[in-house]
Amino acid sequence: RVDRLTDAKLKGFSAARRMPDDKPHLGAEYRMLCGLGVKAIHVWRYCPDAPSDDRWMMLFDLMSNGSSVEILDFRQAHNELLSKSKHQLVRVWRLDEALEGV
């Protein structure tokens, strides 16, 4: 099966990670990071077993420091990511608070 979604916030795909199976009855869930080459990081949820209208959800945006994002990846666990923008230091983001209520 191939799933497609056309959304400008999917540009600059960088990383995907399968989430822990906290709710196995809902099926697999993935987090995806996009934003390489742009000035914002977009965090997506993808659930391949969900109904077609619920498979893709843009969870939130994180604004870079005004420079284009060059490196973007998950760090250790599913609740942290790291980014590096052009001419800037590496930044570690904690996603726990941002993901609450999603």
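Keep in mind that the model is predicted.

**Rings that meet**

Let's begin with the aromatics. A pair of aromatic rings is described by the distance of the centres and the angle of the planes. This structure holds three such pairs. In one of them, the ring centres of Trp 44 and Trp 56 are 6.4 Å apart and the planes stand at 85 degrees; angles over 60 degrees count as edge-to-face, so that is what this pair is. Trp 44 belongs to strand β3, residues 40-46, while Trp 56 belongs to strand β4, residues 56-63, so the pair ties together parts that are twelve residues apart in sequence.

Trp 56 also pairs with Tyr 46: here the centres are 4.6 Å apart and the planes at 40 degrees, so the pair is called tilted. Once again β3 meets β4, since Tyr 46 lies in β3 and Trp 56 in β4, and the parts tied together are ten residues apart in sequence. Step back and you'll find a cluster: ring pairs link Tyr 30, Trp 44, Tyr 46 and Trp 56.

The charged end of Arg 91 sits over the ring of Trp 93, 3.7 Å from the ring's centre.

**An arginine in the loop**

Now look at the loop between β3 and β4, where you'll find Arg 55. The side chain of Arg 55 reaches the backbone oxygen of Pro 48 at a distance of 3.4 Å. Leaving aside residues up to four places away in sequence, Arg 55 touches Arg 1, Asp 3, Arg 45, Tyr 46, Cys 47, Pro 48 and Ala 50. Tyr 46, from the tilted pair with Trp 56, is thus among the residues that Arg 55 touches.

**Two cysteines apart**

A disulfide is a covalent bond between the sulfur atoms of two cysteines. How many disulfides does a search of the whole structure find? It finds zero.

**Buried residues**

| Residue | Relative accessible area | Class |
|---|---|---|
| Trp 44 | 2% | buried |
| Tyr 46 | 14% | buried |
| Arg 55 | 16% | buried |
| Cys 34 | 0% | buried |
| Cys 47 | 10% | buried |

Definitions and conventions: Residues are numbered from 1 along each chain as its sequence is written. This is a predicted model: local features need pLDDT of at least 70, side-chain atom pairs count only at pLDDT 80 or more; totals for chains, interfaces and linings use all residues. Side-chain values use heavy atoms; hydrogens and water are left out. Rings of Phe, Tyr and Trp (its six-membered ring) pair if their centres lie within 6.5 Å; planes under 30 degrees apart count as stacked, over 60 as edge-to-face and the rest as tilted. Helices (H or I, at least four residues) and strands (E, at least two) are DSSP runs, numbered from the N terminus. Buried means under 20% relative accessible area, exposed over 50%, partly exposed in between (1.4 Å probe, protein chains only). A charge sits over a ring if NZ of Lys or CZ of Arg is within 6 Å of the ring centre and within 35 degrees of the ring normal. A polar contact is a pair of N or O atoms within 3.5 Å; within protein, one must be able to donate a hydrogen and the other to accept it, and residues adjacent in sequence count only if both atoms are side-chain atoms. Contact means heavy atoms within 4.5 Å. A disulfide is a pair of cysteine sulfur atoms within 2.5 Å.
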